[in-house]
Amino acid sequence: MPKFSMNWIYIIVIIGLIAVYMMGGDTISGSTNKKVSYAEFKSYVENGYASRVVINKDESVLKMYVKSEYIRKVFNAGTKETGKEPYVSVEFGSTDQVETYLDKEREAGKFAGDLDYENKKGNDFVNLLISIAPILFIVIIWLFFMRRMGGGSSGGGGVFSVGKSKAKMYEKGTDMNITFKDVAGQEGAKQEVQEIVDFLKNPRKYTNLGGKIPKGALLVGPPGTGKTLLAKAVAGEAGVPFFSMSGSDFVEMFVGVGASRVRDLFRQAKEKAPCIIFIDEIDAVGRARSKNPSMGGNDERENTLNALLTEMDGFGTNSGVIILAATNRADMLDNALLRAGRFDRQINVDLPDLNERKEIFHVHLRPVKTDPTVDIDMLARQTPGFSGADIANVCNEAALIAARHNKAFVTKQDFLDAVDRIIGGLEKKTKVMTQGEKRTIALHEAGHATISWFLEHANPLVKVSIVPRGRALGAAWYMPEERQITTKEEMLDEMCATLGGRAAEELFTGHISTGAMNDLERITKSAYGMIAYAGMSDKLPNLCYYNNNEYSFQRPYSETTAKIIDDEVRKMINEQYSRAKDLLLEHKEGHNKLAELLLEREVIFAEDVEKIFGKRPWVSRSDEILEEKGNTSKKEDNSAENSYSDTITTTVDEPAEDK
């Protein structure tokens, strides 16, 4: 059956008015009329039946109203059926003739009523519509604005439904077809969420042992890691109603609407219990009250949060109602929301590791027509730090690149180009540069490549390019190692390799440029982090000055300590800069050959660097893992057949950016 709507009532009223018009518009006034001939009209007047006569000159029609005592003789019905003032309508030829006739009958005593005139055209129905048209217009405008003020609510509720919940409910058998099979990786998070679903399906398994169903679970993680997808999988797996709503849906311009929507949401959930409520981006309403920038005491968000706290664990009981929420700012949430009894569990949905990225690639490559040359293991290694959304974007971008080149299948090179595109941006080969600028960029990038080749803990080089890409004028691609912990020596080696570009400019061109701004920004942040947070300083060992209070207006250390930190940062960076220059002077000839090769080809790969400097003296951690797995796609000798030329990295250095 179609849903009820106010439009149905409007249609019925219009049809009724049309029907009345077709049957005779005067029925609206409650009086009966009939059409008679002019001879019958004269006989009625001569018999004394007429009480008054109204002449319409424009239409040559007159109305003779009948006296009450003669109604039955004329209409063969009583006043209950005909109304109090029934009349007969008569067409006449000349108004003067009618006036003369009525004057004659008045003198004879047969007619004593009034003779009136009307000049309006049309029937009473049309006249009625014209008279009420302004009122109808005002009513329509009022309804329009009331609906707009109602927050766009549908169903004819208007302003009266503004406090209703906007949650969308999914029940078993609806279009929510996502299950846990569609969620790759995140095994720990899936296990905890799946336990909640299992509790709803088979509660006796837990209650027999004295367990209680958890009140709520908070999904916490960076953007794009699959928090909302995990909640959709819960909706697909659970055989119970699932209410989905965004945190911003509670916020409205009217005071008290958010709290009203919270109460209405839980009221609906109690009626459907057992069920699950999912609130996406809960930090929109769950922000800590002490951290709320609006210092007002009657803030709408606070009222909404208070209602949410009361509904989750107040005097009322919500048996069988589980709340799932997702956020990437758990540090901003109110402590009362995170206590036991409300959100009993915090499920961390972190960035995927190597094996999880392989599973995610398998999921997103299902609809993609791939070439047999596509190596998912290699793609997973090339994308450290990528979230699930980033990997989905890589697969989609690769398919678009293949379609742009009119290919029947998506090849390995398309995926590598897609990673390049996402990390570095579009190539801009048409950007105009002078020969001197191009040589400076080549020396800069060759400096990065040279130093990273001879440092033990530097990331293995993949390729170097001086083709402008995005905002960068050049870039060096590496294959970063996934480390769980990072030592001081590893961080210093990476800092030295990052300073190689500026050092090469100073040594071999005699001047420095703005191309190293991105490098300097990265190493400065890294040095301050090592000294102020990680306690890796000689003068300030084992001290951490990290302050988690976002709204703190004071530093957690004195001015004297701040000067020591600045001195230690300057000393650390200068030492690594001198180290970089020493390495470049030691391998000056190889660096110059590398820069000339870059100027000639614009893009060089790891095997080109190996031909100049020889085999890298350090075996990277990635190479050790590959050797243990027996992967033959990348051999020890790095021969031309199995070279780095078809690989790419995931961390782009932007040393030649002109800011």
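Q: Okay, Asp-519: buried or exposed?
A: Asp-519 is buried, at 1% relative accessibility. Buried means under 20% relative accessible area, exposed means over 50%, and partly exposed is in between (1.4 Å probe, protein chains only). One heads-up: this is a predicted model, where local features need pLDDT of at least 70 and side-chain atom pairs count only at pLDDT 80 or more, while totals for chains, interfaces and linings use all residues. Residues are numbered from 1 along each chain as its sequence is written, and side-chain values use heavy atoms, with hydrogens and water left out.

Q: Where is Asp-519, and what does its side chain make a polar contact with?
A: Asp-519 is in helix 20, residues 517-533. Helices (H or I, at least four residues) and strands (E, at least two) are DSSP runs numbered from the N terminus. The Asp-519 side chain makes a polar contact with the side chain of His-444, at 3.1 Å. A polar contact is a pair of N or O atoms within 3.5 Å; within protein, one must be able to donate a hydrogen and the other to accept it, and residues adjacent in sequence count only if both atoms are side-chain atoms.

Q: Switching to rings. How many aromatic pairs are there?
A: Nine, from a search of the whole structure. Rings of Phe, Tyr and Trp (its six-membered ring) pair if their centres lie within 6.5 Å; planes under 30 degrees apart count as stacked, over 60 as edge-to-face and the rest as tilted. Phe-41 sits in helix 2 (residues 38-46) and Tyr-101 in helix 5 (residues 95-107), 60 residues apart.

Q: Are those two buried or exposed?
A: Phe-41 and Tyr-101 are both buried. Together with Tyr-38 they form one aromatic cluster.

Q: Why does the Tyr-65 and Tyr-87 pair count as tilted?
A: Their planes are at 50° and their ring centres are 5.1 Å apart, so the pair is tilted. Tyr-65 is in strand 3 (residues 61-66) and Tyr-87 in strand 4 (residues 87-91), so the pair ties together parts 22 residues apart in sequence. Both Tyr-65 and Tyr-87 are buried.

Q: What lies over the face of Tyr-65?
A: Arg-52 does, 4.0 Å from the ring centre. Likewise, the charged end of Lys-34 sits over the ring of Phe-75, 5.6 Å from its centre. A charge sits over a ring if NZ of Lys or CZ of Arg is within 6 Å of the ring centre and within 35 degrees of the ring normal.

Q: What's the strand order in the five-stranded sheet?
A: The order is 1-4-3-2-5, in an open sheet with mixed pairing. Strand 1 (33-35) and strand 5 (115-118) are the edges, each pairing on one side only. Two strands pair if DSSP finds at least two bridges between them.

Q: How many bridges join strand 2 to strand 3?
A: Six, and the two strands run antiparallel. Ile-55, for one, has Leu-62 in strand 3 as its bridge partner.

Q: Last one: what's phi for Asn-76?
A: Near 55°, a positive value in a residue other than glycine. Asn-76 is in the loop between helix 3 (71-75) and helix 4 (79-82), and it is exposed, with a relative accessible area of 67%.
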